[in-house]
Amino acid sequence: MAAPRDAEIWKDVQTYYGQVLKKAADLQTNACVTSTRPVPKHIQEALQNVHEEVALRYYGCGLVIPECLENCWILDLGSGSGRDCYALSQLVGEKGHVTGIDMTEGQVEVAKKYIGYHMEKYGFQVPNVTFIHGYIEKLGEAGIKNESYDIIISNCVINLVPDKQEVLKEVYRVLKHGGELYFSDVYASLELPEEIRTHKVLWGECLGGALYWKDLAILAQKIGFCPPRLVTASLITVQNKEVERVIGNCRFVSATFRLFKLLKTEPAKRCQVIYNGGITGHKKELIFDANFTFKEGEIVEVDEETAAILKNSRFAQDFLITPIGEKLPTCGGCSALESKEGACYFHQILKGVQIQKRESQDVGAGKDCLSRM
């Protein structure tokens, strides 16, 4: 049984997204409409094919469509009206599959309503998308089996759940080994006071349940994930006087992270890698996270953790990976690591500092900065 407070939050969120909000324009802050970086052309085209009513009821805070999706099985936590699911269903193709799960029955009904429309538009003979009414911290109750998905996404939804740890435990359970949680969410600069945590509008607007940003790494390590990898982040500006009064000095950031589930095997080693190119929409350059950008044919030295991820995930076929010191094929223009010091980058955005993207010669610069905070 859910705790009384959790049950109250579930009810408030369902009411907010099922009855109060009818379209994105009804939101009272910009927390759920923050754009973090340009959208690749192939994703723009996929989003343009989504039915107007489905897109109108989209409330996400980032773009949660990662790379290398062909034939993958994807689970969308808090899929809402299904916008991301329908975009992803095009990208995984007929041999892939996308499942959306959401706690708000009205949103699930909207999503289901347009399955036939989208499959006909894509030319698919058999639907490759399914929608389930359920709770993202109770995936087992929804019938979702162990190690059944390659990728799990979530678009500004985990903050709406009181028990974040339970969500991440369920994600870990249903991900295949080498699988990834690729998710956007809202993070707070401090432990939220009671006034914010119990404010109904702030919960619905994705602020009241925001995780203190340092707690994400703690939860990930506790459950067994590799450390979180920041992809991109942007400061949320709240242009609502009443909301600003309540939140006071607290700052919020919309951020996208990657979390990988890897088997604990042999000790990882630093490696040098070459991106082979060819991933749809990223043929010449793959922006993996805030620390690593891989350009086709260029040698990049990576740390132990990054090497293990590239070797044991769906990206393995897209990289030539060798221990440092071994001779690699010559390339046109080999480069050192391109780094944006991920942890420092995230922390400075939280503080409201306007920063430029910076290069670093130190592979571990982001981690070193994080350890000093």
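Modeller: Start with pairing: two strands pair if DSSP finds at least two bridges between them. This is a predicted model, and in it an open sheet of 3 strands runs in the order β12-β9-β13 with antiparallel pairing.

Biologist: What makes β12 and β13 the edge strands?

Modeller: β12 (299-302) and β13 (319-323) each pair on one side only. On average, neighbouring strands of this sheet are turned by 30 degrees against each other, direction ignored.

Biologist: How do you know that β9 and β12 pair?

Modeller: The cut-off is at least two bridges. Strand β9 (residues 271-275) and β12 have 4 bridges in the antiparallel sense, therefore they count as a pair. Ile274, for example, has Ile299 in β12 as its bridge partner.

Biologist: How many helices and strands does the chain have?

Modeller: The chain has 14 helices and 13 strands.

Biologist: Which residues of helix α6 are buried?

Modeller: In α6 (residues 115-122) they are Ile115, His118, Met119 and Tyr122. Buried means under 20% relative accessible area, so each of these four falls below that value.

Biologist: Why are they said to be on the same side of α6?

Modeller: Because they cover an arc of only 100 degrees around the axis of α6.

Biologist: What covers the buried residues of α6?

Modeller: The cover includes α3 (52-56), α4 (83-92), α5 (105-113) and β3 (129-133). Just after α6 comes Gly123, with a positive phi of about 80 degrees.

Biologist: What share of the chain counts as buried?

Modeller: Of its 373 residues, 56% do. The chain exposes about 16800 Å², and carbon and sulfur atoms supply 50% of that area.

Biologist: Which residues have the most contacts inside the largest nonpolar core?

Modeller: Leu75, Leu77, Ile152 and Phe225 do, in a core of 36 residues. Elements that give two or more residues to this core include β1 (73-77), β4 (149-155) and α10 (215-223). α7 gives the most, with 5 residues.

Biologist: Which residues does Phe225 touch, leaving out those up to four places away in sequence?

Modeller: Among them are Leu168, Val171, Tyr172, Ala220 and Leu259. A contact needs heavy atoms within 4.5 Å, so Phe225 has atoms within that distance of each of these residues. Apart from this core lies another, of 32 residues, among them Val54, Cys85, Val98 and Val231.

How values were computed
Residues numbered from 1 in each chain as written. Predicted model: local features only at pLDDT ≥ 70, side-chain atom pairs only at ≥ 80, totals over all residues. Heavy atoms only, no water. Buried < 20%, exposed > 50% of the residue type's maximum accessible area, 1.4 Å probe, protein only. Areas by Shrake-Rupley, 256 points an atom, 1.4 Å probe, with all protein chains shown as cover. Arc of directions from axis to C-beta. Axes fitted to C-alpha atoms, helices over the stretch in contact; angles between N-to-C directions. Core = buried A, V, L, I, M, F, W, Y, C linked by side-chain atoms within 4.5 Å.
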